[in-house]
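Good morning. I will take you through one structure, from the whole chain down to single residues. Please look at the picture first.

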Amino acid sequence: MSISTIGFLGPNATFSAQAVSGLFPNNESKPYRTIPACIDAVVNGEVDAAVVPIENTIEGSVNLTIDYLIHEQPLKIIGEVIIPIKQHLMVHPTNEQNWEKINGVYSHSHAIAQCHKFLHSQFPSIQLEYTSSTGAAAKHVSQHPELMLAAIANELAAEEYGLTIVKPNIHDFDNNHTRFVVLHKNMIDLDVYIKNNNGNKTTLMITLPSDQAGALHQVLSAFAWRKLNLSKIESRPMKTGLGNYFFIIDIEQRLDDILIPSAIAELEALGCGVKVLGSFPYYLL
Ligand SMILES: O=C(O)C(=O)C[C@]1(C(=O)O)C=C[C@@H](O)C=C1
């Protein structure tokens, strides 16, 4: 396989690690402390690909991933993997009996956001501490039993760092999933290596011509009349001035020879900028 080592948001036993072992069970993987560090590692050639979170059912987009890809390091999206997310409250075993008296809850900001209702009702005035990942939170809690802390993380993290789950499934909505993208320097075909995908997508980045009435409507109609099914549309700031936005659009099919190229040509004729971020298979684990 032209992909051997995969970078992910570490340490061991994060949800990102789970996504990597689910999709690439036989590859080597390498943990990084932040999402930008995972992306840089692909650009620098330290790893062949990275698996990074891009969207969660409850919390929405992972803006850091989208912005870093668009503004800093343009890699290709070569695949997508969606995994169920179950968040558990865990403590050091020495604090198991009096876990309701904990002094602080540690986790990744997205994980804390997924459990806001639980935290608000059970621990309304507790100190919340944000860590670089759920795994990092579990590791920290395991190293400081004397501080009486809890982490929000997954079952693997409880095992890996020797913590006891005292409240399982504390995410506020049952249907909690996170979408991860596989990033690579080149637009390679992942489905040659990983079979049984659940569908295909093409992701475009589109900038609108400035100050043109109905521009977004025209963009959407270029897809609508070709019956190109869109599964996501998202706007993010260009960071060049208030009101300047670009759009990320997911189309539910591969980049073909006719329909998508002709939609792109129509958008360019309207004065839009269009960039193909990837055309790839997706997998549900
Ligand atoms: O902290 C982790 O375990 C991660 O892999 C990051 C992350 C995220 O950024 O959304 C991934 C999945 C969950 O939604 C919570 C956290």
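This is a predicted model: local features need pLDDT of at least 70, side-chain atom pairs count only at pLDDT 80 or more; totals for chains, interfaces and linings use all residues.

Residues are numbered from 1 along each chain as its sequence is written, and side-chain values use heavy atoms, with hydrogens and water left out.

First, the whole protein. It has nine helices and 15 strands. Helices (H or I, at least four residues) and strands (E, at least two) are DSSP runs, numbered from the N terminus. The C-alpha atoms fill a box of roughly 65 × 45 × 30 Å along the principal axes. How does the radius of gyration of the protein fit a compact globule? For 285 residues such a globule would have a value near 19 Å, and the protein has 21 Å, which agrees. That radius is taken over C-alpha atoms, and the globule rule is 2.2 Å times the number of residues to the power 0.38.

Next, burial. Buried means under 20% relative accessible area, exposed means over 50%, and partly exposed is in between, with a 1.4 Å probe and protein chains only. By that rule, 52% of the 285 residues count as buried. The protein exposes about 13,100 Å², and carbon and sulfur atoms supply 50% of that area. These areas come from the Shrake-Rupley method with a 1.4 Å probe; for residues, only the protein chains shown count as cover.

Now contacts, meaning heavy atoms within 4.5 Å. Take the contacts between residues at least 6 apart in sequence: 76% of them join residues at least 24 apart.

Let us turn to helix α9, residues 259-269. Which of its residues are buried? They are Ile260, Ala263, Ile264 and Leu267. These cover an arc of only 100° around the axis, which puts them on the same side of α9. The arc is that of the directions from the helix axis to the C-beta atoms. As background, an α-helix has 3.6 residues a turn, so residues three or four places apart point the same way. The cover over the buried residues of α9 includes β12 (199-207), α8 (215-224), β14 (245-251) and β15 (273-284).

Leu259 also lies in α9, but Leu259 is partly exposed, at 31% relative accessible area. Leaving out residues up to four places away in sequence, Leu259 touches Arg226 and Leu228. After the helix comes Gly271, with a positive phi near 100°.

Helix α8 can be read in the same manner. Its buried residues are Ala215, Val219, Ala222 and Phe223. They cover an arc of only 95° around the axis, which puts them on the same side of α8. They pack against β12, β13 (230-237), β14 and α9.

Arg33 sits in the loop between β2 (28-32) and α2 (35-43). Is Arg33 buried or exposed? Arg33 is exposed, with a relative accessible area of 60%. Beyond residues up to four places away in sequence, Arg33 touches Leu9 and Ser132.

Last, some backbone details. Most residues other than glycine have a negative phi, and most peptide bonds are trans. Where is there a cis peptide bond? One joins Gly10 and Pro11, with omega about 0°. Pro11 is in the loop between β1 (5-9) and α1 (15-23).

Met148 is not a glycine, yet has a positive phi of about 55°. Met148 is in the loop between α6 (134-143) and β9 (149-153), and is buried at 17% relative accessible area. Asn169, also not a glycine, has a positive phi of about 50°. Asn169 lies in the loop between β10 (164-167) and β11 (177-184), and is partly exposed at 43%.

That is the end of my part.
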